[in-house]
Amino acid sequence: MIKIFIIDDETPIRQWIRFCIERSDSCFEVIGEASSGEAGLLALESIETDIVILDIMMPGLNGLEVLTRLNAIRSDLSIIMLTNFAEFEYIQKAVRSGAVEYFLKSEITEEGLMNCLNKVASTRKQSDLLLTLSSEAESRTIHSLCEQILNRAISSHTQFLKTAEQYPLPLSYTKNLFVIVIRYMPGKTINLSDIPLQEISEHLSTMHQIIHNENDYFLICEMNKLNSQLMIFNSIAKMLEWICSNLSFAYIGISNIYHNFSGLYHALTESQLSLSSGFYKKPGSVTYIYENKHQEIDHDILLSYSREILNTTKTGTNTELPMQIRCVFEYFRQITPADTQAVKDFFLDLLYLIHSVSMSNSLQFQFLDQSIPMEFRKQLSDCIYLDHLEKTVLELLSRLYCTEGHPSFSAPVKDAITYIHEHYCENITLKETADAVHMNADYLGKLFKKETGVSFNTYVTNKKMEYADYLIRNTNLKKYEIAEKLGFTNFSYFSRIYSAYKAK
């Protein structure tokens, strides 16, 4: 039913209009009436209606004043004006103020009233249909262009502008366009389709959602009622608070803010760059585009690292191999390359090479079946943080490379040594290690010292100093940076231990 509200100070006119509508057996329904402009405005604050029949000349607020106020608060209404005056001035003001039709009370008939209502209803239905079609067309435009950008089919802003000309221009994104991309945890999914925009942010006017590469969730957003840059940033911050409280995510990237649809290409690519910064941070990080400091990978440096690692692999210098690999990770932490897949691919290739060498070195390496390289690929692809990638690479390395080359060690001690080699940069304890190898801590401590000749703590400290010495000789890191990397909070203490280690 199409709902009608009548505002007229003459009771007979209101009653006659209601009578005509109720006996017409049509799709119209009178849901209320008021005898003054003030009463009508008050009633319409809480009543849902589609059409208002409004008298121009009333005591108190006249119809033109009511019309202006209604358009300011209820732009969805269709307003039909009634007047006793045939003066062109009143009619002209009513049409200028947004009235869709008008009648002279002296000339209105039942047939004329119903024809007018049917005409307005038809226009409303067409407008609703056009709005729906525009919304669907906008969604298709946004999704198609975003997918082309994300899949590199569109690789420049100029190409984007040319491609966008082939699509209907979206009604939205006329100001304050930005993109938030969420990388969610493996095995998790995100869907905001059924959540009202106002719940996410009171200022969010438009939001399209796009899933890319199964675990990247792009939100193409607009806040079209804000003019202050500070207010926009504050609103985005509150939106992020909602996301962090309601979604399971790994890290988030955010673009700059653009003021028309042509900025979509920049916003989308910037959000990807911001997202890649999270790979080098801790879980739950949020990165704005202006925080990015990505550098290009120097392939000559990586080649030098690779040669050094393979030479160490061939000679079987088992104590230096994990250190050399940790140095490569340190290099990536310093430059934070935007292409995180290239980082994974480097270590995948490196493990393949180490595996090939290991197959030809039976003295220091175990023989593994041919399914191992495929397992490397799967485990590395599941890593969404650099820290997780480092841990995984070292764990895979320990499966290829015999821990100490001492077959006389018992299985628990071998497992403990493997755990130490993977975690000695952390402040691990004997109990933590014992838990990892499923043994009693006191018993493991005694067994460890009996078989290795040194206590657990001494062994860990020696590994730390061994790595510290390697970093000092082979990197540009400052000594205090190395101390922090190895878990030392007191640099003086680190210096004393390192000096004692070098004096041996």
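At what angle do the axes of helix 18 and helix 20 cross, and within what distance do they come? Before I answer, a word on the basis: this is a predicted model, in which local features need pLDDT of at least 70, side-chain atom pairs count only at pLDDT 80 or more, and totals for chains, interfaces and linings use all residues. Residues are numbered from 1 along each chain as its sequence is written, and side-chain values use heavy atoms, with hydrogens and water left out.

To the answer, then: helix 18, residues 456-474, and helix 20, residues 491-503, have axes that come within 10 Å and cross at roughly 90°. Axes here are lines fitted to C-alpha atoms, for helices over the stretch in contact, with angles from 0 to 180 degrees between N-to-C directions, and helices are DSSP runs of H or I with at least four residues, strands runs of E with at least two, both numbered from the N terminus. The two helices are therefore roughly perpendicular to each other, a term that covers 65 to 115 degrees. In contact, meaning heavy atoms within 4.5 Å, the residues of helix 18 include M465 and I472, and those of helix 20 include F494 and Y498.

A second pair is helix 15, residues 411-423, and helix 17, residues 441-452, which pack at an angle of about 90° with their axes 10 Å apart. That makes helix 15 roughly perpendicular to helix 17. Helix 15 contributes P412, V413, A416, I417 and I420, while helix 17 contributes L444, L447, F448, E451 and T452.

Turning to the pockets, a pocket is an open set of points on a 1 Å grid over the protein atoms alone, where a 1.4 Å probe fits, with protein on both sides within 12 Å along at least five of seven lines, and lining residues have an atom within 4 Å of a point. Of its 32 lining residues, R183, N213, D216, Q272 and T340 are the closest to the centre, and helix 9 gives the most to the lining, with 6 residues.

The second largest pocket has a volume of about 380 Å³, and of the 13 residues that line it, K282, R333, D387, E390 and E426 are the closest to its centre. Helix 14 gives the most to this lining, with 3 residues.

Technical notes. Parallel < 35°, antiparallel > 145°, perpendicular 65-115°, else oblique. Points joined across faces, edges and corners; volume = space filled by probe spheres on them.
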